[in-house]
Amino acid sequence: LIIPRDLKTQIQNMKIATASSLLLINASSARIFGSNSDTIDQDRTLQDVACFATKNLKFTVQDGECSADELLEGIQAKIDNMNKCTHDAETEIDLLTGGDGEGLLDDVTAKCEEIFAAKIENQRYLKGATSWSIKERHIEEYFDGGTNMNEERQYTDEDGVDQWVLQDDFSKIDSFYENAALADLIEYPNDMKNFEDCEIRAAYCCWIQDRQAGDNNGNCATPYDENCVDADPGDNTDLCYVDMAESAASSHIAGGFAIFPDDEEGDIHCHGFAWDSDDEALDARYKGNNLFYVSMYDHFYQRGYVRGVPGAPMCGCAEQMPVVSRADCTEMDISENFRYVYDHLTQRFNVADKGVDIAFNACQGANDNNNDLEAYYERLVDEGRAEPDELGILQEKLVGDCGPAIEDFVATKL
């Protein structure tokens, strides 16, 4: 059979046109599927290739936290520094894993949880700041305003030797601050009566004496036997009243109250902290560090402030504490550091804890009202980290003006 040349040419052109049409149809409708046959993205084509398919993908996250979100931010930063990578971080991990990006993120979340579980298992304990020979009960008594930490003061014996020198006797607090508070996790004593029921997640201390001279805080001065017998801390608040029923376990009194009108209580110093309603938030996880810093390091070791208001704990949940006009406040700047390294063989990231850096600073409160516990809590509310009604409960303890608060309280007792 002889086919005319012009007809043969027409048939060949038809084949090419048909093949081209099929190729266009396939390319336009192509979708990438992972090992679990889930569609990655309807808009991606078979030409998509992972930017790090043949490259190392590793980075360190500083001033952050261990999480899947931090991982994605780190990958995106690496992509942004590449010239020819145009897709986002989520697309990249889908392409790297053949569509199992969600599984990769879940694996990172699990590894981060394991890292923090290990931190908890190896966390530092408050009694390590004083002596391992003491019992937890002694730490609790300290927070109630007892033990030799609160009850002793420096004096010179008959041989001319200084005794009960705070900086010498409790130098371990300083090393604990450097080695634990700034760079490790300190246990928060949830099972201690002073701190086990912090429903609004705020705590503070109130001190009524100063036992250390020469630190520019309080009026304790040398010679100790003359000028530090009953010295006062730096005054930063007014004491309104104490309802002893709210802290019966600490005061060892089932009921009763004491009222202090017209600032007649003398000098008193109160200082506290608060934390996020999310248990996974950094300030919630590291709240034990803030408790140590506020109570033992900054005010006891650095300033020599001791003893609490009679009928109340020296330090405790806000619900147990005396009603005062205000309190100073410390917040933490926490920077956790983690190393992420992608393993092409397992299609998963290895995650390594590279340590934490903690700085203690005066709270930045709402409306530029800084170093104020109530204003800081208002900021937590503004940021969705606490509820307005919780702020209201705290404001029943930090009342601003003692006069109306005392009148309202007395009215309930008549």
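Predicted model: local features only at pLDDT ≥ 70, side-chain atom pairs only at ≥ 80, totals over all residues.

Colleague: Let's start with helix packing. Are α2 and α3 roughly parallel or roughly perpendicular to each other?

Modeller: Helix α2 covers residues 68-80 and helix α3 covers residues 89-96; their axes come within 8 Å. The crossing angle is roughly 95 degrees, and angles of 65 to 115 degrees count as roughly perpendicular. The two helices α2 and α3 are therefore roughly perpendicular.

Colleague: Which residues of α3 make that contact with α2?

Modeller: On the α2 side the contact uses Leu 72, Ile 75, Gln 76 and Ile 79. By class, the residues of this contact of α2 with α3 divide into five nonpolar, one polar and two charged. The partners in α3 are Ala 89, Glu 90, Glu 92 and Ile 93.

Colleague: And how do α13 and α14 run, roughly parallel or roughly antiparallel?

Modeller: The axes of α13 and helix α14 (residues 388-395) come within 9 Å and cross at roughly 170 degrees. An angle over 145 degrees counts as roughly antiparallel. That makes the arrangement of α13 and α14 roughly antiparallel.

Colleague: Which residues of α14 meet α13?

Modeller: From α13 come Leu 373, Glu 374, Tyr 377, Glu 378 and Val 381. The contact of α13 with α14 holds six nonpolar, one polar and three charged residues. The α14 residues are Pro 388, Glu 390, Leu 391, Leu 394 and Gln 395.

Colleague: Which element gives the most to the lining of the second largest pocket?

Modeller: The second largest pocket, with a volume of about 210 Å³, is lined by 14 residues, of which Cys 66, Ser 67, Cys 112, Glu 280 and Arg 285 are closest to its centre. Its lining has six nonpolar, two polar and six charged residues. At least two residues each come from α4 and β12 (328-343). The element that gives the most, with six residues, is α4.

Colleague: Now the backbone. Which two residues does the cis peptide bond with omega of about -10 degrees join?

Modeller: The place to look is the loop between β5 (209-210) and α9 (224-227), where Pro 223 lies. With omega at about -10 degrees, the cis peptide bond joins Thr 222 and Pro 223.

Colleague: Asn 367 has a positive phi; is this residue buried or exposed?

Modeller: Phi of Asn 367 is near 55 degrees, a positive value in a residue other than glycine. Asn 367 sits in the loop between β13 (348-362) and α13 (373-382). Its relative accessibility is 68%, and exposed means over 50%. Asn 367 therefore counts as exposed.

Colleague: What is the relative accessible area of Asn 371?

Modeller: Asn 371 is not a glycine, yet has a positive phi of about 55 degrees. The loop between β13 and α13 holds Asn 371. Asn 371 is partly exposed, and its relative accessible area is 26%.

Conventions:
Residues numbered from 1 in each chain as written. Heavy atoms only, no water. Axes fitted to C-alpha atoms, helices over the stretch in contact; angles between N-to-C directions. Helix = DSSP H or I, 4+ residues; strand = E, 2+ residues; numbered from the N terminus. Parallel < 35°, antiparallel > 145°, perpendicular 65-115°, else oblique. Contact = heavy atoms within 4.5 Å. Nonpolar A, V, L, I, M, F, W, Y, C, P; charged D, E, K, R; others polar. 1 Å grid on protein atoms, 1.4 Å probe; cavity = no way out; pocket = protein on both sides within 12 Å on 5 of 7 lines; lining within 4 Å. Points joined across faces, edges and corners; volume = space filled by probe spheres on them. Buried < 20%, exposed > 50% of the residue type's maximum accessible area, 1.4 Å probe, protein only.
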